[in-house]
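User: I have a protein model open and I want to learn how to read it. Can we go through it by question and answer?

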Amino acid sequence: MSNQPAEALRDLFQRAVEVADPMKSLSAFLPEKPGGRVVVIGAGKASARMAEAVEAVWGPCEGLVITRYGYGRPCQGIEIVEAAHPVPDEAGLNATRRLLSLLEGLGEDDFVLALISGGASALLTSPAGEISLSEKQLVNQKLLSSGAPIGQMNTVRKHLSAVKGGQLAAAAYPAHMQALLLSDVPGDDPAEIGSGPTVGDQSSQDDASAILDNWALEVPDTVKNVLAGPTGVIPPDDERLSRVTNTIFAAPSQSLEAARALAKGLGCDVEILGDALEGEAREVARAHAGLALERQRARGAGGRPLLLLSGGELTVTRNGNGVGGPNAEYALALALALEGAQGIYALACDTDGVDGAAEVAGAVIGPDTLSKAEVKGVSASAALGENDAHSFFEKIGDQVVTGPTLTNVNDFRAIWIE
């Protein structure tokens, strides 16, 4: 590994991604393949890789999983369908209908393996009531731009869906279902991963309506009508969920611990700030900048580097028209708050390789970030005002571009303090 901080940070991120690869982490949680009919279903940005890992152990299987465009994997029997994320499309809608058809008529002796990862909220698409796909897309776009935390977004999604909030599992009843989940949510709550298609939920339509009102989101009348009527969301004690087992096989905490071990091997002291951080990206960045400067002053000169690690899911309230995502916005706001402080470097990336809607994982910063931008004639503060962090880092050459990582344990942030 390189001793240069920026390169070391990239290596630490790569290690965090590697440890969450389903090909390395899923098999230990996979039961023996049952006798009788077995159907494999799934959705999410890591679901095709998960299906590949299942067939590496079980051999060819009947089934269908839905993943993001560009995230498909070769499978022996399971069909892989690619669709849009983070805003659903027609491909996801049609694939979800076909996936549900595989569950029709299953009996008590049949077995369903459900593979769920982050991204399933958009990829598993079946609007409730009379809501059209275009209306579902509109609501999803508004939620993503609102700054609402992921838990609140998922509450709304569940009550506007015919498949989330335990409804996928209910469709498989009375078959036994084993759901293997790859967590990308703060707190690793199974009900929040992919909006909980295999997990019951106690929230109500009134809760969903209150969230829309709180964030001042105008929605079509069809959406209001669905929220005014009976919900399809399944309560946790419903009989149809009695034959479902939900198991998380990989989570952000494991990736942070792997990065910690690697950093200690480099001679760093490591402090983990938490694996479930939430909040507005630029506000968290300002708080972390203050913490980094405080830690640097307290340690003095000549000591071991200190690494601050954190995970979770930050949000962005979109006010500008730029191209950005929560990790790049965090990095840009951090650079501005640090004002070129010497000896402090940072990386912020999404472990799925996609920050926001851009095909970019995130960015790295260092003491020279703002001076490099000045040479290029780029204003960091203007870019932040326009939510244009990806364009900013592209112009100064400090983007982190991984391509599809085939996993998803959410944000990875690391601050290197010399």
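User: Where is T317 found?

Analyst: This is a predicted model. T317 sits between a strand and a helix. The strand is strand 8 (306-315), and the helix is helix 13. T317 is therefore placed in the loop between strand 8 and helix 13.

User: Is T317 buried, partly exposed or exposed?

Analyst: The relative accessible area of T317 is 25%. Buried means under 20%, and exposed means over 50%. The value for T317 falls in between, so T317 is partly exposed.

User: How far apart in space are T317 and A148, C-alpha to C-alpha?

Analyst: In sequence, T317 and A148 are 169 residues apart. In space, their C-alpha to C-alpha distance is 7.9 Å.

User: Which residues is T317 in contact with, leaving aside its neighbours within four places in sequence?

Analyst: Contact here means heavy atoms within 4.5 Å. Leaving aside neighbours within four places in sequence, the partners of T317 are S145, S146, G147, E280 and N387.

User: How do helix 13 and helix 16 cross?

Analyst: Two packed helices are described by the angle between their axes and the distance between the axes. For helix 13 (residues 326-338) and helix 16 (residues 389-396), the axes come within 8 Å and the angle is roughly 65°. That makes helix 13 roughly perpendicular to helix 16. The crossing is left-handed.

User: Which residues of helix 13 and helix 16 meet, and how many are nonpolar?

Analyst: Helix 13 brings A328, E329, A331 and L332. Helix 16 brings A389, H390, F392 and F393. By class, one residue in this contact is polar and one is charged. The nonpolar residues number six.

User: What is the crossing angle of helix 14 and helix 16, and how is it described?

Analyst: The axes of helix 14 (residues 369-376) and helix 16 come within 9 Å. They cross at roughly 80°. Angles of 65 to 115 degrees count as roughly perpendicular. So helix 14 is, relative to helix 16, roughly perpendicular.

User: How many charged residues are in the contact of helix 14 with helix 16?

Analyst: T369, K372, A373 and K376 of helix 14 meet F392, F393, K395 and I396 of helix 16. Four residues in this contact are nonpolar and one is polar. The charged residues number three.

User: Is N140 buried or exposed?

Analyst: N140 is in helix 6 (residues 133-146). Its relative accessibility is 7%. Under 20% is the cut-off, so N140 counts as buried.

User: Which residue has its backbone oxygen 2.7 Å from a polar atom of the N140 side chain?

Analyst: Leaving aside neighbours within four places in sequence, N140 is in contact with P86, V87, P88, A122 and R157. The backbone oxygen 2.7 Å from a polar side-chain atom of N140 belongs to P86.

User: What is the form of the peptide bond from H85 to P86, and of the one from Y173 to P174?

Analyst: P86 lies in the loop between strand 3 (79-83) and helix 4 (90-101). P174 lies in the loop between helix 8 (167-172) and strand 5 (176-182). Omega is near 10° for the bond from H85 to P86, and near 15° for the bond from Y173 to P174. The form is cis for H85 to P86 and, for Y173 to P174, also cis.

User: E339 and N410 have a positive phi. Which is buried and which is exposed?

Analyst: Most residues other than glycine have a negative phi. Phi is near 55° for E339 and about 70° for N410. With a relative accessible area of 66%, E339 is exposed. At 4%, N410 is buried.

Note on methods
Residues are numbered from 1 along each chain as its sequence is written. Side-chain values use heavy atoms; hydrogens and water are left out. Axes are lines fitted to C-alpha atoms, for helices over the stretch in contact, and angles run from 0 to 180 degrees between N-to-C directions. Helices (H or I, at least four residues) and strands (E, at least two) are DSSP runs, numbered from the N terminus. Angles under 35 degrees count as roughly parallel, over 145 as roughly antiparallel, 65 to 115 as roughly perpendicular and the rest as oblique. A crossing is left-handed if the near helix is turned anticlockwise from the far one by less than a right angle, and right-handed if clockwise. Ala, Val, Leu, Ile, Met, Phe, Trp, Tyr, Cys and Pro count as nonpolar, Asp, Glu, Lys and Arg as charged, and the others, Gly among them, as polar. Buried means under 20% relative accessible area, exposed over 50%, partly exposed in between (1.4 Å probe, protein chains only). A polar contact is a pair of N or O atoms within 3.5 Å; within protein, one must be able to donate a hydrogen and the other to accept it, and residues adjacent in sequence count only if both atoms are side-chain atoms.
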